[in-house]
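Hi there,

Here is the structure I promised to hand over. Have a look at it, then read on for what I found.

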Amino acid sequence: MMKKMQTNEIFPGVLILLLGIAVLIKLINPNDFQPNAERWSSASFDGLNIIDAEEISENRGSFKIINLDNSSSDLSLESITIPASEILEKQNLKEIREFKGSIVLISEDKALTSRIWMLLSQMGIRNLYILE
Amino acid sequence: MRMQTITSRTKITFLLVVSALILAFIPTNEKYSMHGNPHRILKRALDQQSCLSPDQVAKAVAGGDSTIRIIDLRSKSDFLKYSIPGSINIPYSGFLKSDLESLLNSGPDAVFISDDDREANYAFVLAQGLGYHECRVMKGGMNEWNRIVMNSSFFGERISARENALFETRYKVRNMVNEFNSLPDSLKIKYQAIREIERKKLDGGCE
Amino acid sequence: MVAPLSSMFAFPEWLDLSIAFAIGIGFGFVLEQAGFSSSRKLAGMFYGYDTTVLKVFFTAAIVALIGSQFLSYFGLLNLNLVFVNEYYVTSAITGGIIMGAGFIMGGFCPGTGVSALSIGKIDALFYVLGGLTGAFLFAETYPYIQQLAEARYRGPVKINDVFGISSGLFTLLLVIAAVFMFWFAELAEKKFGGNSNSVEKAA
C-alpha cells in the first residue's frame, strides 16, 4: 500500500517531467518552424531580402550562393547546387546554418526562390537573400 | 512516523500551476505561426499544380467561376489604379494582420497575385504553413497577366480552335477589366466593400 | 496530422453527427457524475453553500486551456482554425443577466437542465420547455431586436490579445486566479454552508 501511495504521489511529478522534456526537445530542435511568422518574414515586406550581383561581387567571401535548380548564373561566381527538393536534408541544413556569412538563393524560377526563402526563414535561418 | 498523503486536489493544483508556468515561459504560437512538418510544406511548395497560368485565371474570371477567389497582394494604390474585377485587395505588408480564417478557409480556393512572383509565393508558403492548403498562385503576377491576357495579339494566317477559344477568353476578360477599371475609385471601393460584406456573412445562424 | 481534423478532411455528415453524439454522451455523463442534475447543488453556487459548480467548470476550462495550448505548441492543434465566438458587448451583458437570473430561479442552466431531464426530473422538463420556448421567441422576434443583438460588435476577440500579453502568460494568470477563487469559495462554503440545511428543510 505504501508503494501504491508513493506511485500516486509521484505521478504528477513524472507527468510534469515528461512534459518538460518534450518542451525542451522542441525548444532545442533547430529544424522546426519558429513562432511568430510575421517576425521571420519581416525582411520580405520591404524587399530587404533581395540582393543584387554587385553587392555580392564586392563582398564575395561573406556570401554562399545556393543554386536551387542547376540554372546558369551570370555571376560567374562559385555556387553550390542544392536541388530545392533536397534543401531540407539534414546535411544541407547544417551547412546553411553553420555558414557564418549570408546565403543567397538563385534559380531560374523566381517563384521557387521566393518559396524556399520563406520556408527557410520561417525555420529561423537569418541572413538569407534572394538574388535579384 | 505517519506519512502525510498528498490529496488529489493538491496534486491537480500542482500539475496545473506548473503546466501554466511552463506555458508562460515558452514561446507559444502567437497569432500566426507556421506549424507542421517542414518537409510537407516543401512538398507543397514544389508542387507545380499550385500555380495557375494567367490564361487559367482569365478563364475563371470570364466564366464567373465562384470556386476561386483572387487575392491581390499589391498596395492599395496599385489596386485602385488597376485590378482584376472581383479580386480582393490585401496588401502583402498587412497579410499576416488580416483575418486569414475568413479569407482562406471559407469556401473558394484562394489565388494569390502580386506584381511578379515574389509576394504571391511568400504568401503561398505562409498560408500553407498556417494550415490553409486550398490556395494557389497566378504565375508571373500582374506583369505576366498584362503581357498575356491584356496585351497579346494573334499573329498568323490560320488559327486553331484552341487558340481561337484562348483569344476569345482573353478579349472578353480584357473588356471586363477595362470596363471595371474605368470606374471611379469611389465606386470600386464601394464594390469591394459590398463583396467583403457578402464574403463575411456567416452560413446559417440567425439570419 | 493537425487538428481540428474536420478542417483537413471532409467528414461526411453522419460522422460529424456521430462525433457530436459521442461528445454529448461524454458531457452528459460528466455532468451527472458531478452531481449537476441537482438544482440544489447548482443554486448553491449563488447562495454560497456549495461551490462545486465553480470548481468543476473552472477546472474543466483551465484543463482545456492548458491542453489546447500544449497541443498547439507541439503542432498537433492549429488554434487559428478553432472557432472563437464573436463578441457582441450588449448581447453578452443582456444575455448574461437573463441567464444568471434564470439559473438561480430555475436551479438549472441549459446543459444541466437537459442532464436533469434525462434522469426524469419534472422541474427540469418544464425548465427545458421554457428554454426552448424562449429560444423560439428570440428567433421569431429577432427582426425587432436585431439592432440590440448586434450592437457594439467587437469581433472574435481573445482576452490576452486585448491585454497585449502572451497566451501562455494569460493562462498562468488565470490558473493563479482560479486557485485564489477556489480558496475563497471554500471560505464562503464554510461561512454559508450551514444555510444549506435550512434550504433543504424549507424545500
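Predicted model: local features only at pLDDT ≥ 70, side-chain atom pairs only at ≥ 80, totals over all residues.

C:K55 and C:E189 are both buried, where buried means under 20% relative accessible area, exposed means over 50%, and partly exposed is anything in between (1.4 Å probe, protein chains only). These two residues form a salt bridge, with the closest N and O atoms 3.8 Å apart. By salt bridge I mean a side-chain nitrogen of Lys or Arg within 4 Å of a carboxyl oxygen of Asp or Glu. C:K55 lies in helix α3 of chain C and C:E189 in helix α8 of chain C, so the pair ties together parts that are 134 residues apart in sequence. Helices (H or I, at least four residues) and strands (E, at least two) are DSSP runs, numbered from the N terminus.

As for bookkeeping, residues are numbered from 1 along each chain as its sequence is written, chains are lettered from A and ligands numbered from 1 in the order in which they are written, and side-chain values use heavy atoms, with hydrogens and water left out.

Now, where chain C meets chain B

On the side of chain C that touches chain B, the elements giving two or more residues are α3 (52-73), α6 (122-149) and α8 (167-192) of chain C. Sorted by class, that side has 14 nonpolar, 10 polar and two charged residues. For these classes, Ala, Val, Leu, Ile, Met, Phe, Trp, Tyr, Cys and Pro count as nonpolar, Asp, Glu, Lys and Arg as charged, and the others, Gly among them, as polar.

The contact (heavy atoms within 4.5 Å) takes 26 residues from chain C and 26 residues from chain B. About 2200 Å² is buried between the two chains, and carbon and sulfur atoms give 65% of that. Buried area here is the accessible area (1.4 Å probe) that two parts lose on being put together, summed over both.

Over to chain A

Chain A has five helices and five strands, in the order α-α-β-α-β-β-α-β-α-β from the N terminus on. Of its 132 residues, 42% are buried. If you take the contacts in chain A with a separation of 6 or more, residues 24 or more positions apart account for 68% of them.

Chain A has salt bridges too. A:K64 and A:E95 meet through their side chains at 3.2 Å, N to O. A:K64 sits in strand β2 (residues 63-67) of chain A and A:E95 in helix α4 (residues 90-98) of chain A, so this pair ties together parts that are 31 residues apart in sequence. A:K64 counts as buried at 17% relative accessibility, while A:E95 is partly exposed at 31%. In another salt bridge, the closest N and O atoms of A:K26 and A:D32 are 2.8 Å apart. Here A:K26 is partly exposed at 21% and A:D32 is buried at 16%. Over all chains, the count comes to 15 salt bridges.

Most residues other than glycine have a negative phi. A:N36 is not a glycine, and its phi is positive, near 70°. You'll find A:N36 in the loop between α1 (2-28) and α2 (37-45) of chain A, partly exposed at 34% relative accessible area. C:R152 also has a positive phi, about 50°, without being a glycine. C:R152 is in the loop between α6 and β2 (153-155) of chain C and is partly exposed at 48%.

One last stop: is C:N160 buried or exposed? C:N160 is buried, with a relative accessible area of 8%. This residue is in helix α7 (residues 159-163) of chain C. Leaving out residues up to four places away in sequence, C:N160 touches C:I165, C:S166, C:S167 and C:F170.

Cheers
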